Amino acid sequence: MSIISRNGTKKGKGHAIVVTSGKGGVGKTTATSSLGAALALRGQRTLVIDADIGLRNLDVIMGLENRIVFNLVDVAKKTCKPSQALIKSRKSNNLYLLPASQTDDKDVINEEQIKNVIEIYKREFHYILIDSPAGIEQGFKNSCAGADSAIVVTTPEVSAIRDADRVVGLLSARSIDASLIVNRIDYNLVRKGDMLSIEDVQEILGLDLIGVVEKDDSVIVAANCGVPVVYNPKSNAGKSFSRVAARLCGENIPIRGGGEGFWGRFGKRLGLAS
């Protein structure tokens, strides 16, 4: 395999992006699978890696749980060839999964081993998306090893944003540039002043916005069916992830705003806003 651009010329190394948040349950795995599928639909050879060793879920979201033989730990420990651990998507020839081990601890491999794995696959893929586990312990550190940039996923909730803010600081300390996806936004609640707005979240985290994803029940349906939501043409969330993929590919697509929210009022109560 070699990376060939659309005009037939050979390209350089692929780009590795860690998808992270700090808090669990904000939609990292959904974002990873959806962005991977959306990039593949755009002709980009894409690998999604489940770095949540011990608690893998990316394979289920993609409907590939019954096809796993080898995993990330096997590749890192050179138990198998890198190509043997890859699982091709049922929906696209451009999309592959490297699953996590479900029987090992997060510290079974180190950052240097993960970095070496990423470097191997960079020669074969345009994009590598690394699904980071929740928290900021060894699993997070491993996920960041070898990453060229990061996407921080958060919901417009104070607890999620507090954890995301901690992750932003850790990424900065590693000199990893990060962009922001605000997930599960409910514009009706924003307009009523009952939910943080996109502008609120951006102001707190200080990151450039790369995507906004509305709350959408079709995401749950897609996850249960093992098919990334971008394959549903009626899904607003799927369309949002497709637009994020387009921005990753360099297209200039405007991002919808979300109203004023309640951060000023709520922040004053906490002594966090003037």
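Visitor: Which residues of α1 meet which residues of α10?

Guide: On the α1 side you have T30, A31, S34, L35, A38 and L39, and they meet F241, S242, V244, A245 and L248 of α10. Keep in mind that this is a predicted model.

Visitor: What makes up that contact, by residue type?

Guide: Its residues split into 8 nonpolar, 3 polar and no charged.

Visitor: How do you describe the packing of α1 and α10?

Guide: Two packed helices are described by the angle between their axes and the distance between the axes. Here α1 (residues 28-41) and α10 (residues 236-248) have axes 8 Å apart, at an angle of about 65 degrees. The crossing of α1 and α10 is right-handed.

Visitor: Why is C144 called buried?

Guide: Buried means under 20% relative accessible area. C144 comes in at 3%, so C144 is buried.

Visitor: And why does C225 count as exposed?

Guide: Exposed means over 50%, and C225 has 56% relative accessibility, so C225 counts as exposed.

Visitor: How many disulfides turn up in the whole structure?

Guide: The search finds 0. To count, a pair of cysteine sulfur atoms would have to lie within 2.5 Å.

Visitor: What makes you say β2 is largely enclosed by the rest of the structure?

Guide: For β2 (residues 46-50), 5 of the 5 residues are buried, so the strand is largely enclosed. Both faces are covered, with T46, V48 and D50 on one side and L47 and I49 on the other.

Visitor: Which strands does β2 pair with?

Guide: β2 runs parallel to β4 (residues 95-98), joined by 4 bridges, with T46 partnered by L95. β2 also pairs in the parallel sense with β5 (residues 127-131) over 5 bridges, where V48 has L129 as its partner.

Technical notes: Residues numbered from 1 in each chain as written. Predicted model: local features only at pLDDT ≥ 70, side-chain atom pairs only at ≥ 80, totals over all residues. Heavy atoms only, no water. Buried < 20%, exposed > 50% of the residue type's maximum accessible area, 1.4 Å probe, protein only. Helix = DSSP H or I, 4+ residues; strand = E, 2+ residues; numbered from the N terminus. Pairing = 2+ DSSP bridges. Axes fitted to C-alpha atoms, helices over the stretch in contact; angles between N-to-C directions. Left-handed = near helix turned anticlockwise from the far one by under 90°. Contact = heavy atoms within 4.5 Å. Nonpolar A, V, L, I, M, F, W, Y, C, P; charged D, E, K, R; others polar.
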